[in-house]
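Please keep the structure open beside the text.

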Amino acid sequence: MQGIFITFEGIEGCGKTSQAHLLSQHLEKQGYKIVMTREPGGTPISEAIREVLLSTDFMKMHPHTEVLLYLASRAQHITEVITPALQDGKIVISDRFDDSTFVYQCYVRGIDLKTVEAMNHFATGGVSPHTTFVLDVDPVEGLQRAKSRNQRHARKEDRLEREAIEFHQRVREGYLKRAREYPKRIYVIKSDRDKEAVHGEIREIVEGIVEKGKNV
Ligand code: Z5A
């Protein structure tokens, strides 16, 4: 049996990580085998690449270097974690995946989409998410949430958190544009409300998808 690949996307502080964990816990309780992962990251090599990508030591990183590092991290993640889990019939939940690249590197940084699509295909071997949730929140609120979280956990601001608010506004626009282009795969979920309400909406959609999968 082929597994199901679900991704969470959105601007900084939109609540992806929280929602990915809530969904994973819920499905696990129902007896499904879940692999919870993230990008950049998810394997030792990919986590090492993540360190470089988010480090404030590298504020001068060239956009081409940046996109190649995200894709290098993904190539390892796909072969080591995602593809084997899907082949095993598991539900893979990833906190970010390739929509992040198309939004951040293409829509916002301006790298040619067709070129990046081809390189992404090389990195993934054509594996792509079945369902994607874009959590939509105003960037002012998202950044405020991320900032409070950083203060609570004594975590330093990363390279992307230092970008101006206009950058995050462009990211939001990029996600909404992508959702219009892929309406069957991407669900835009309003996340300027209580975590449990957001989770309830996502859970209902996923339960429908999982049930349908059982009957195929
Ligand atoms: N990136 C890229 O450019 N290209 C790529 O191909 C890929 C990534 C894969 C990774 O950053 C960066 O890499 C990312 C895009 C880029 N940068 N940006 N910007 P990351 O993984 O370190 O961080 P992040 O993905 O941007 O998200 P985050 O800061 O970890 O936030 P989040 O996952 O969206 O939210 P959260 O951790 O679930 O919640 C943040 C706080 O808000 C926390 O305290 C929660 O308790 C709180 N929260 C969550 N939901 C709610 C609600 N509903 N109400 C109130 N408070 C809430």
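Predicted model: local features only at pLDDT ≥ 70, side-chain atom pairs only at ≥ 80, totals over all residues.

Residues are numbered from 1 along each chain as its sequence is written, and side-chain values use heavy atoms, with hydrogens and water left out.

Around the ligand there are 28 residues, each with a heavy atom within 4 Å of it. The closest are Glu12, Thr17, Ser18, Arg96 and Thr101. By class, this shell has 12 charged, nine polar and seven nonpolar residues. Helix H4 (98-108) is among the helices that each supply at least two shell residues, and H4 gives the largest share, four residues.

| Side chain | Distance to a ligand oxygen |
|---|---|
| Thr101 | 2.6 Å |
| Arg149 | 2.9 Å |
| Lys195 | 2.9 Å |

Taken alone, the ligand exposes 1100 Å², and the protein buries 89% of that; the areas come from the Shrake-Rupley method with a 1.4 Å probe.

Now for the cavity. The structure holds one cavity of 30 Å³ or more, a cavity being a set of points on a 1 Å grid where a 1.4 Å probe fits but cannot get out. The largest cavity has a volume of about 40 Å³. Its lining includes Gly10, Asp136, Arg172 and Tyr175, and by class has six nonpolar, one polar and two charged residues.

Definitions and conventions: Polar contact = N/O pair within 3.5 Å; in protein donor to acceptor, adjacent residues only side chain to side chain. Nonpolar A, V, L, I, M, F, W, Y, C, P; charged D, E, K, R; others polar. 1 Å grid on protein atoms, 1.4 Å probe; cavity = no way out; pocket = protein on both sides within 12 Å on 5 of 7 lines; lining within 4 Å. Points joined across faces, edges and corners; volume = space filled by probe spheres on them.
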